[in-house]
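Dear colleague,

Please find below the structure that I am handing over to you. My notes on what was found in it follow directly after.

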Amino acid sequence: MCMVIFAPIFAICAFATCGGYYGHLQVKVDCADRRKSNLSINIDFGYPFRLKDVHFKAPLCEGKREEILFLDGDFSSAAQFFLTVGVFAFLYSLLATIVYVFYQNKYLRNNRGPLVDFVVTLIFSLMWLVSSCCWAKSVSDIKTATNPTQVLLLISACRAQENKCTAIQAPFWSRLNTSAVFGFVNVILWGGNIWFVFKETGWYKTGQRYPTRSASGKRSSEMRQRLYSESSFDLPEESSSSQLSRQNSFNLSKGDFGQHVHRQGSVNQSQVSLSLPQAYLGKPIIYERENKVASKAPMIFVNEM
């Protein structure tokens, strides 16, 4: 299955790029009084992106005092949810790989393994979809909250026109963007794997064994049944005619056989009469007193009905 090969890899890439992110931005405040300026204000943030706890110091430009400021926003819930889904998906994909390779027979026994795998795959697909959408929205909000222009609006000295505030360095977002992309790649991967896991379940095999007939199939079966019933009504006439033809042929053959027997009997009878006249089965031959035959011609007997 595709999940065995690619799911662990993309899960690692997703939670590694999210959990290992480190952002840095730098601004400067140039006060009218040069001695009170701070030309290097560094702000660092990262996972779990609880920006409300990230603080930095900025000069007030009105005295030798500094103020402590905090960034806006808390995106820890979306980031932790995304990372948790990635970790559990990685662990489950490893477990599924071991089962597929070493315990294939137990996996297919009683259809429990495919059913559990199907349900878990469906759950992880939904979790990846929800977490990826939340994380993509959170990445957009993090970019807005850590925008150097937005951070400069938090500094009180930057609101005065005589002071000059500029951004020196902005955070790099390629890693966070990659994590969001990997999240949606996992959605596609796990969502596509639902079909392959479903084919191993008994539900799919039952549907293949007993396919449901469509309306056109039902109409065609009814038409075939109707044609069969009509042909069955015509069958007795055909069978009777065939029986009559068979009987006639049998009678003809019987008549031929009788004629053949009659002819053979007559030939045999003539042969017997020629060779053995005294054994003739007709009327007895009348001899005269002088022991002479009255007539030597063959005698013809006519059987009167």
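In what follows, a residue is called buried when its relative accessible area is under 20%, exposed when it is over 50%, and partly exposed in between, with a 1.4 Å probe and protein chains only. The model is a predicted one, in which local features need pLDDT of at least 70 and side-chain atom pairs count only at pLDDT 80 or more, while totals for chains, interfaces and linings use all residues. Residues are numbered from 1 along each chain as its sequence is written, and side-chain values use heavy atoms, with hydrogens and water left out.

**Overall fold**

The chain has 305 residues, of which 29% count as buried. Along the sequence, the pattern reads α-β-β-β-β-α-α-α-α-β-α-α-α.

**The sheet**

Three strands form an open sheet in the order E2-E1-E5, with antiparallel pairing; two strands pair if DSSP finds at least two bridges between them. Strand E2 (38-46) and strand E5 (164-169) are the edge strands, each pairing on one side only. From one strand to the next, the twist averages 25 degrees, where axes are lines fitted to C-alpha atoms and angles run from 0 to 180 degrees between N-to-C directions. Strand E1 (residues 22-30) and E5 run antiparallel and are joined by five bridges. Lysine 28 has threonine 166 in E5 as its bridge partner.

**Aromatic pairs**

The whole structure holds 14 aromatic pairs. Rings of Phe, Tyr and Trp (its six-membered ring) pair if their centres lie within 6.5 Å; planes under 30 degrees apart count as stacked, over 60 as edge-to-face and the rest as tilted.

Because phenylalanine 45 lies in strand E2 and tryptophan 173 in the loop between E5 and helix H6 (174-198), the pair ties together parts that are 128 residues apart in sequence. Phenylalanine 45 is buried at a relative accessible area of 4%, and tryptophan 173 is buried at 17%.

Tyrosine 92 and tryptophan 190 also make a tilted pair, with ring centres 6.3 Å apart and planes at 35 degrees. Tyrosine 92 belongs to helix H2 (residues 76-102) and tryptophan 190 to helix H6, so this pair ties together parts that are 98 residues apart in sequence. Both tyrosine 92 and tryptophan 190 are buried.

One aromatic cluster is formed by Tyr21, Phe45, Tyr47, Phe49, Phe82, Trp128, Trp135 and Trp173.

**Threonine 84**

Threonine 84 is placed in helix H2 and counts as partly exposed, at 36% relative accessibility. Its C-alpha atom is separated by 9.4 Å from that of serine 131, which is 47 residues away along the chain.

Yours sincerely

How values were computed:
Helix = DSSP H or I, 4+ residues; strand = E, 2+ residues; numbered from the N terminus.
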